[in-house]
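This report covers a predicted model.

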Amino acid sequence: MNEQRKMVPDAKPEAIEVRNLRVAYGDREILHGVSFEVRTGETMVILGGSGSGKSTLLRTLAGLEQPSGGEIRIRGEDLQTLSRGGWHELRTRMGISFQSGALFGSMTVGENVALPLREHTKLDESTIDIMVRLKLEQVGLRGYEDYFPAQLSGGMKKRAAVARAMAMDPEILLFDEPSAGLDPIIAAGVDELLLKLKEAFKITIVVVTHELASAFLIADRMILVDKGCIVAVGTPAEMKASTQPRVRQFLDRVPEQEMAQEMDYLQILTGDVVPLRR
Amino acid sequence: MGLTRTIGAATVDGLAYLGGLTRLAGGTTRAMFGELFRERKLPFGRAIHQGMAVGVKALPILSLISFFVGMILALQAAYELRRLGALQFVASAVAISVTRELGPLMTAILVIGRTGSAFAAELGTMKVNEEIDALETMALDPVRFLVVPKFIAMLVMMPCLTIWADTMGVMGGALFGVTNAGFTLGTYIHATMDALALRDIVTGLVKSVMFGVVITMVGCQEGFRTGLGSEEVGKSTTSAVVMSIFLTILVDLVFTMLFYFGVTG
C-alpha cells in the first residue's frame, strides 16, 4: 500500500482505510483479506465481475455487513469500535445510492429526499421544502417533487436516489452499480451527474460497477476485485497499461475458459480458491 | 437417534423463532417509549394511516363475518337448548361465547389474513428492494420507522375491532332469537346484558391486545427475514399467516387457562 501511496505524491489524508478485511456469509468467505484506501475528494471505482465480492465490499463499507476480520476506518474512526451514537453520526455524513435506487415506494420523490432532513435536523418545513427543491435541481429533477418512484424512469430513479443520498450534504458518497440496467444515453447522464457532484462539492465518491466505459470516465483510481481479492489498484491509465493477466482479461473482455474439471467449477462457485492466475 | 435429532433441531428452531419475536417486541416497545422520553415526535401520522388500513377498512367484512358467526352460534346452541326447553338461554350462550372467545378470535383470524400478511409482504418487498438497507444507511432505525406505527395501530385497533365484532355477533344471534326463539330485539338485548359480566368483555379485550402483538411481531419478523428475490416475499407472507394463526391459538389457550385457573384456583 505504501508503494501505491508513493504513486500519487500529493496524497491527502484517507477518507476510507480498509486493512485485511474479511467478510463471510456463514462458512463461506466472500472477501479474503482486502486492503486499500480511498483519499479524501477522490473518486474510487471498484471494478469486478459478477460474484467477485465488490457489492459485499461496498455493503461492508456502509455498515450493512459485519466483517469477520480486519479493520475499516472512515475518516479515522474504526467502525468495529464505533459506539451507537458514533454510527449514527457517521451515517449522517455518508450517503449511499443503491443499485435499485431503494426509494420508498409509498412516499413521493420530495418526501424521500426530505426524510433524512426531517428525521435528523430541526429545520422547519418551509426550509426543508427549499432544500428538497435544491437537491432535486442538482440532479436535474426539478418539478418532480410530487411524483411517486413508480412514475419515474430508471435513470430518473437513480437521480432521485442520488438527491436523497445528498440530502444531508455527506462527505462520502457510495454508489452501487449506478449505470446498471440503464441504456447508454441515460447511463452517460448518470456518469455526468457524478462528475458534476464531484466537481461542485469535492465529495469522496466510491463507485462499484462493472461498466468499463463508465469506470474509466469517472475514476481517479480504480480497484479490480476478483473472487474476493484485490488483484490491481491504480489510476485508469495504470490499469489500461497493466499487463496482469486478470486485469487484461477483464479489460479486454475475454470470456472465462470452459471448466475442464467439475471441481474447478465448484471452486469458482464457492469462491474457495483465490489464486491469481498468471 | 434420527428422530431425536429432528425433534431437537425443531425445538431449537422454534425457540429461536420465539426469541426473535420477543427481541423484536422488546425493541419495538423500547423504540416507542424511547421516542416519548426523548421528546421526539412519535410517528402518529404513519400510525393513523396504518390504523385506517388495519381497522376502518376491515369493518365491512368483519361485520358480515361476526354477524354470521353470531347466527351460527345461536342455531347450534338452539339444537340442545330446545331439547331441554331452555331456548330463552340462547342469548346468554351467544353473548358469552362471542365476547369471551369467538369475537376476539374471529377478529384476529381476519386481521391475520388482511393485515399480518400485508405487513410481511410490505416489509419483505422493502427488504428485496433494499429499502430497509437504505433506512439503516440513513441512520434511521427500521424498527422505529416501520414497526412502531404498525404496533401502535394494532394496539388501538384490535380492541376496537373486537368490540365491534362482539356487537355484530350479538346482533347475528338476535336475528335468530327474534325470528325463532320468541324474543323481541329489546328483550334479546336485555337478556344479553344480564348474561354478561364486565369480566367477560375485559377477558376478550385482553386477548385481542395480545393477538395484536402476536400478529404485528410475526408479520414484521417474517418481512424482515425475507430472502433475496420476489418469490421469497410470497413465502414470507404465507409463513406470516400460518405462524400467526398457530401462535394466536396458542396465546388464546394460555390466556384462557390463566383466566380459568385465575378464577377457579
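## Helix pair in chain B

B:Arg46, B:Ala47, B:Gln50, B:Gly51 and B:Val54 of H2(B) are in contact with B:Pro149, B:Lys150, B:Ile152, B:Ala153, B:Met154, B:Val156 and B:Met157 of H6(B). Two residues count as in contact if their C-beta atoms, placed from the backbone, lie within 7 Å. By class, this contact has 8 nonpolar, 2 polar and 2 charged residues. Nonpolar covers Ala, Val, Leu, Ile, Met, Phe, Trp, Tyr, Cys and Pro; charged covers Asp, Glu, Lys and Arg; the others, Gly among them, are polar.

The axes of helix H2 (residues 44–54) and helix H6 (residues 142–180) of chain B come within 8 Å and cross at roughly 50 degrees. H2(B) and H6(B) are therefore oblique to each other; angles under 35 degrees count as roughly parallel, over 145 as roughly antiparallel, 65 to 115 as roughly perpendicular and the rest as oblique. Axes are lines fitted to C-alpha atoms, for helices over the stretch in contact, and angles run from 0 to 180 degrees between N-to-C directions. Helices (H or I, at least four residues) and strands (E, at least two) are DSSP runs, numbered from the N terminus.

## Model and numbering

This is a predicted model in which local features need pLDDT of at least 70 and side-chain atom pairs count only at pLDDT 80 or more, while totals for chains, interfaces and linings use all residues. Residues are numbered from 1 along each chain as its sequence is written, and chains are lettered from A and ligands numbered from 1 in the order in which they are written.

## Helix pair in chain A

In chain A, the axes of helix H6 (residues 154–165) and H7(A) come within 9 Å and cross at roughly 15 degrees. That makes H6(A) roughly parallel to H7(A). Their contact has 4 nonpolar, 3 polar and 2 charged residues. The crossing is right-handed.

## Sheets of chain A

One open sheet of chain A has 4 strands in the order S2-S1-S4-S5, with antiparallel pairing. Its edge strands, S2 (28–39) and S5 (77–78), each pair on one side only. Two strands pair if DSSP finds at least two bridges between them. Strands S1 (residues 14–25) and S4 (residues 69–74) of chain A are joined by 5 bridges in the antiparallel sense, and A:Glu71 in S4(A) is the bridge partner of A:Arg19.

A second open sheet has 6 strands in the order S6-S7-S8-S3-S9-S10 (chain A), with mixed pairing. S6 (94–97) and S10 of chain A each have a single partner strand, so one side of each is left without a neighbour in the sheet. The twist averages 15 degrees from one strand to the next. S7(A) and S8(A) (residues 204–209) run parallel and share 5 bridges. Helix H2 (residues 54–61) of chain A lies across S3 (43–48), S7, S8 and S9, at about 150 degrees to S8(A).

## Positive phi residues

A:Glu177, which is not a glycine, has a positive phi of about 45 degrees. A:Glu177 is in the loop between strand S7 (172–176) and helix H7 (184–201) of chain A, and is buried, with 21 other C-beta atoms within 10 Å. Buried means 20 or more other C-beta atoms within 10 Å of the residue's own, exposed 12 or fewer, and partly exposed in between, with C-beta atoms placed from the backbone.

## Contact between chains

The contact takes 14 residues from chain A and 10 residues from chain B. On the chain B side, 4 are nonpolar, 2 polar and 4 charged.

Conventions
Left-handed = near helix turned anticlockwise from the far one by under 90°.
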